[in-house]
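Please read them beside the coordinates.

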Amino acid sequence: MSRTVHDPGLRAVARVRGVREQDSRLGLQHALRDLQLRTAELARLEEAMASYDGAAHGDMARFAAIRQALLMLRHAITDARTSVEAARSVALDAHSRWSADKARLGAVEGLLELRADRSEEHTSELQSPMYLVCRLLLE
């Protein structure tokens, strides 16, 4: 049995809270996906760094080219680590926002349910034989 509350203000608040919760959930999913992509990129760069052979074979030009490539890779890894930390911070913030929106939505839904329970109690009291007899006597 579905209980409805005829409180348009509270129902509007519930709809708004529901939309906010959905938006913050989508934001959290996006932030987690971004964190996953940035972490994978960092792992790829670190794997590339680890794959370089420590011994330099060949002439001085080859050594200079390898050195330059390793320096660029080191800078890319530093940037990727910074990017991962920023994405982690955004994901944590998105999670806290979603948790707060979810709690607020639950509170409003709880109020709606409480009012529906009270409405049912009031309706059943109005339909009781004792109430009908009292009303007839008053008229």
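Predicted model: local features only at pLDDT ≥ 70, side-chain atom pairs only at ≥ 80, totals over all residues.

1. Arg 20 takes part in a salt bridge with Asp 101, in which the closest N and O atoms are 3.9 Å apart. The 3.9 Å separation should be read with the cut-off in mind, which is within 4 Å for a salt bridge.

2. A second pair, Arg 25 and Glu 21, also forms a salt bridge, here with 3.0 Å between the closest N and O atoms. Both residues lie in helix α1 and are 4 residues apart, about one turn of the helix. Their accessibilities are 32% for Arg 25, which is partly exposed, and 9% for Glu 21, which is buried.

3. The side chains of Arg 44 and Glu 41 meet in a further salt bridge, at 2.6 Å from N to O. These two residues of helix α1 are 3 residues apart, which means that about one helical turn separates them. Arg 44 is partly exposed at 47% relative accessibility, and Glu 41 is likewise partly exposed, at 35%. Elsewhere, salt bridges with shared partners join Arg 20, Asp 101 and Arg 104 into one network. The salt bridges of the model come to 8 by count, and the pairs described here are among them.

4. Turning to the nonpolar side chains, the largest nonpolar core holds 13 residues, of which Leu 35, Leu 42, Leu 45 and Ile 77 touch the most other members. Helices α1 and α2 are the elements that give two or more residues to this core, and α2 gives the most, with 8 residues.

5. Leu 42 deserves a separate look in the viewer. Leaving aside residues up to four places away in sequence, Leu 42 touches Ile 77, Ala 80, Arg 81 and Val 84. One of these contacts, Ile 77, is itself listed with Leu 42 among the core residues that touch the most other members.

Notes: Residues numbered from 1 in each chain as written. Heavy atoms only, no water. Buried < 20%, exposed > 50% of the residue type's maximum accessible area, 1.4 Å probe, protein only. Core = buried A, V, L, I, M, F, W, Y, C linked by side-chain atoms within 4.5 Å. Contact = heavy atoms within 4.5 Å.
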